Amino acid sequence: MAPVTLRTTRLVLSIPTEADIDPITEAAQDPEVPRWTTLPSPYARQDAEDFIGKAADRWDAETELTWGIRADDRWVGMLGLHRVERGGSAEIGYWMAAAARGHGYLTEAARSVIDFAFDTDGLDLKRLTWRAVVGNIASGRSARALGFRYEGLLRQGLEGPRGRDDGWIAGLLATDDRMPRAWPVLED
Ligand SMILES: CC(C)(COP(=O)(O)OP(=O)(O)OC[C@H]1O[C@@H](n2cnc3c(N)ncnc32)[C@H](O)[C@@H]1OP(=O)(O)O)[C@@H](O)C(=O)NCCC(=O)NCCS
């Protein structure tokens with residue numbers, strides 16, 4: 001499919017481009033990124049270049065839809081839908097540049113992607129899945145704020161370039177009301 005641009009009050013979400021290569025490379029140096037995601041570490045400029053090229057191919061094939069999150073025309077984070085099956089399900093993933101965290105950008109951006117994912121004129125999905133390495137409180141709180149409901153523990157269920165990890169899994173259905181519910185693994 002052709003890349004889709006989404007707009008929120010403060011943000012523009014659009015396909016990552018060559019202009020984003022340097023800010024992506026810089027942001028990926030934060031150890032919290034490889035700690036919780038499958039991004040390569042060490043992360044070189046070439047990794048960002050490769051990713052940009054693949055992102056375009058994957059939009060084309062409609063398998064993985066990636067948006068660069070932009071505030072004031074600057075790239076501040078990445079948000080993607082993986083394993084997209086139009087009319088079925090997909091998995092959401094995200095990471096933000098450290099300097100842009102804590103402003104509510106991620107939840108604002110993700111709400112617009114979720115709206116698009118469930119819209120019958122968008123991807124018409126019935127379910128979104130979220131998974132994270134056990135202990136990723138910031139990601140869990142983000143998912144909970146978006147309305148995802150905790151579904152359980154995946155013992156050694158996550159596989160990445162640095163090995164296997166226990167995982168948390170949560171889900172959001174198109175028919176859910178998106179009101180945050182308590183998660184047994186998050187304290188407040
Ligand atoms: C997860 C991440 C994208 C959240 O980005 P953010 O810009 O801080 O998110 P927001 O400002 O929209 O806040 C979303 C929620 O996360 C919570 N949060 C953010 N940082 C937190 C932290 N360090 N500890 C605890 N909660 C945190 C916020 O309080 C908010 O929850 P609330 O609505 O219940 O108060 C960011 O921390 C990140 O990039 N982490 C490293 C990569 C990563 O873990 N990606 C996810 C892999 S599954």
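Visitor: How many bridges join strand 5 to strand 6, and do the two run parallel or antiparallel?

Guide: Good place to start. Strands of a sheet pair through backbone hydrogen bonds, either parallel or antiparallel. In this predicted model, strand 5 and strand 6 run parallel and are joined by three bridges. To find the spot on screen, look for Glu91, which stands opposite Thr129 in strand 6.

Visitor: In what order do the strands of the sheet come?

Guide: Eight strands form an open sheet, and the order is 1-2-3-4-5-6-8-7 with mixed pairing. Strand 1 (6–7) and strand 7 (149–160) are at the edges; each has a single partner strand, so one side of each is left without a neighbour in the sheet.

Visitor: How many bridges join strand 7 to its partner, strand 8?

Guide: Eight bridges join these two strands, which run antiparallel. Leu153 stands opposite Trp168 in strand 8, and the hairpin that joins strand 7 to strand 8 passes through two residues.

Visitor: And what lies in the segment after strand 8?

Guide: Asp176 is found there, with strand 8 covering 163–173. With a relative accessible area of 15%, Asp176 is buried. A polar atom of the Asp176 side chain lies 2.9 Å from the backbone nitrogen of Leu173.

Visitor: Let me turn to strand 3. Which strands pair with strand 3, and in what sense?

Guide: On one side, strand 2 (residues 11–14) pairs with strand 3 in the antiparallel sense over four bridges. Here Ser14 has Gly68 of strand 3 as its bridge partner. Strand 4 (residues 74–82) also pairs with strand 3 in the antiparallel sense, over seven bridges, and Ile69 stands opposite Gly77 in strand 4. Strands 3 and 4 form a hairpin with two residues between them. In that turn, Asp72 has a positive phi of about 50 degrees.

Visitor: How many residues of strand 3 are buried?

Guide: Seven of the seven, so strand 3 is largely enclosed by the rest of the structure. You can follow both directions of its side chains: Leu65, Trp67, Ile69 and Ala71 point one way, while Thr66, Gly68 and Arg70 point the other way, and all are buried.

Visitor: How should I read a pair of aromatic rings?

Guide: A pair of aromatic rings is described by the distance of the centres and the angle of the planes. In this model there are five aromatic pairs. Take Trp59 and Trp67: their ring centres are 5.1 Å apart and their planes are at 85 degrees, so the pair is edge-to-face. Both of these tryptophans are buried.

Visitor: Why do Trp67 and Phe116 count as buried?

Guide: The cut-off is under 20% relative accessible area. Trp67 counts as buried because its relative accessibility is 0%, and Phe116 counts as buried because its value is 12%.

Visitor: Now for the ligand. Which residues come nearest?

Guide: Of the 24 residues around the ligand, the nearest are Tyr94, Met96, Gly104, Thr107 and Asn136. By class, this shell has 11 nonpolar, eight polar and five charged residues.

Visitor: Which N or O atoms of the protein lie 3.4 Å from an oxygen atom of the ligand?

Guide: A backbone N or O atom of His103 does, and so does a backbone N or O atom of Leu106. Taken alone, the ligand exposes 920 Å², and the protein buries 75% of that.

Visitor: Which elements give two or more residues to the shell?

Guide: They are helix 2 (32–36), strand 5 (89–96), helix 4 (105–118), strand 6 (127–133) and helix 5 (137–146). Helix 5 gives the largest share, seven residues. Two strands on that list bring us back to your opening question: strand 5 and strand 6, which run parallel.

Definitions and conventions
Residues numbered from 1 in each chain as written. Predicted model: local features only at pLDDT ≥ 70, side-chain atom pairs only at ≥ 80, totals over all residues. Heavy atoms only, no water. Near = heavy atom within 4 Å. Polar contact = N/O pair within 3.5 Å; in protein donor to acceptor, adjacent residues only side chain to side chain. Areas by Shrake-Rupley, 256 points an atom, 1.4 Å probe, with all protein chains shown as cover. Nonpolar A, V, L, I, M, F, W, Y, C, P; charged D, E, K, R; others polar. Phe/Tyr/Trp six-rings, centres within 6.5 Å; stacked < 30°, edge-to-face > 60°. Buried < 20%, exposed > 50% of the residue type's maximum accessible area, 1.4 Å probe, protein only. Pairing = 2+ DSSP bridges.
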